[in-house]
Amino acid sequence: MTRETLFNIWETIGRYQKVIIHRHVRPDPDAVGSQAGLKEIILCAYPEKEVKLAGETENGLAFLTEMDEVTAEDYQGALAVVCDTANTARIDGEGVEQADTVIKIDHHPEVEMYGDLQWVDTEASSTCEMVYRLAEANGLEIPAAAARFLYAGIVADTGRFRFSNTTKSTFSSAGSLLEYEFDRDALYNDLDVTTEELLRLQGYVLSHVQITENGAAQVTLTKETLDKFKVTSKEASAIVNCFSNLKGLKAWVFFVEEDDIIRVRMRSKKPEIHHLAAEHQGGGHPMASGAQAQNWEETKEIFKKLDDLCKDA
Ligand SMILES: [Mn+2]
């Protein structure tokens, strides 16, 4: 079944002269890595094709690659591939529905079926691992630039091969990618680099995190605090794991105040939290999810539920 899907996807890509590749808003290295890795693999096989990366360039990920200029006309008779995105509302960039054919490649739990051709593998560590398997199954050449992109996404989504989503297939994909020439040390440095502002905010978080006896922890970052440390909500997402090694910790949440909503970033080591996220306009993985709260009352409700989940875990 899967092998057939992999052949179908590559066969479909082969039929289009124009391919536009999307991924989710507020991208992480897996989103950009799978998107850009797939582009390089397509161009290596079909140098004459027009392949574009859609969405906003994320400053913090510009070291990986920048996005292309995509216009509404580009979608005329084009194929759109959407990587790492569970539902259409989270697609970065307009125009996917104008494309002739849409392919979805993703490892998130299914939120919405979309596209003419879907390949969803929730067992895969990352969409980058899936793109690697797509190339492998079709016997495609992987240029070094693509290997770097895919490796970056695998490393980031597995927390350096430490999260439970890391499987034998993850290691074997990553191992194969190391056969290509790219600077792994530089990549790790770029993925890890922090700023003084973020470092100071981390100090604040470490001294203000609240922990319950059930092993639930919460951090509240108001706009005022973010402004004081000169860090944006998006940038603050980089330190969401900064106390994950705390003894007895089961799950934790960051409530980060934005202009119109309070961003909810949840992580877990014990109870599954994606259902809780789904109850509050969010979703994600069992151990890493995001949601939204309309006000501080709702954050209390969320934390109470998280604490209950920890109690039973
Ligand atoms: Mn991912």
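The following questions and answers concern a predicted model.

User: What conventions apply to numbering and confidence, and which atoms are left out of side-chain values?
Analyst: Residues are numbered from 1 along each chain as its sequence is written, and in this predicted model local features need pLDDT of at least 70, side-chain atom pairs count only at pLDDT 80 or more, and totals for chains, interfaces and linings use all residues. Side-chain values use heavy atoms, leaving out hydrogens and water.

User: Which residues coordinate the manganese ion?
Analyst: Donors are N, O and S atoms within 2.8 Å of the metal (3.2 Å for Na, K and Ca), and water is not among the atoms, so sites may look incomplete. The donor spacing in sequence is D-x53-D-x22-H-x49-D. At 2.1 to 2.4 Å, the coordinating residues are Asp30 (OD), Asp84 (OD), His107 (NE2) and Asp157 (OD).

User: How many residues apart are His107 and Asp157, both donors to the manganese ion?
Analyst: Helices (H or I, at least four residues) and strands (E, at least two) are DSSP runs, numbered from the N terminus. His107 is in the loop between β4 (101-106) and β5 (117-120), whereas Asp157 is in helix α4 (residues 144-157). The pair links distant parts of the chain, 50 residues apart.

User: Is His107 buried or exposed?
Analyst: Buried means under 20% relative accessible area, exposed over 50%, and partly exposed in between (1.4 Å probe, protein chains only). His107 has 2% relative accessibility, so His107 counts as buried.
Asp157, at 16% relative accessibility, also falls in that class. The class for His107 is therefore buried.

User: At what distance does the side chain of Asp157 make a polar contact with the side chain of His107?
Analyst: A polar contact is a pair of N or O atoms within 3.5 Å; within protein, one must be able to donate a hydrogen and the other to accept it, and residues adjacent in sequence count only if both atoms are side-chain atoms. Contact in general means heavy atoms within 4.5 Å. Not counting residues up to four places away in sequence, Asp157 touches Asp28, Asp30, His107, Ser125, Ser126, Phe163 and Asn165. The polar contact between the side chains of Asp157 and His107 is at 3.2 Å.

User: What separates the C-alpha atoms of Pro29 and Ala156?
Analyst: Pro29 is found in helix α2 and is buried at 15% relative accessibility. Beyond four places in sequence, the contacts of Pro29 include Leu61, Ala152, Gly153 and Ala156. The C-alpha atoms of Pro29 and Asp157, 128 residues apart along the chain, are separated by 7.7 Å. For Pro29 and Ala156, 127 residues apart, the separation is 6.3 Å.

User: How many residues of α2 are buried?
Analyst: Helix α2 covers residues 29-45 and reaches 24 Å from its first C-alpha to its last. The expected span is 1.5 Å times one less than the number of residues, and the span of α2 is close to the expected 24 Å. The helix is mostly covered, and the buried count is 13 of its 17 residues.

User: Which backbone nitrogen lies 2.8 Å from a polar atom of the side chain of Thr158?
Analyst: Thr158 lies in the loop between α4 and α5 (168-177) and is buried, with a relative accessible area of 0%. Outside four places in sequence, Thr158 is in contact with Ser125, Phe163, Asn165, Thr166 and Thr170. The backbone nitrogen at 2.8 Å belongs to Phe161.

User: What is phi of Arg26 near?
Analyst: Most residues other than glycine have a negative phi. Arg26 is in the loop between β1 (18-23) and α2 and is partly exposed, with a relative accessible area of 30%. Its phi is positive, near 45 degrees.
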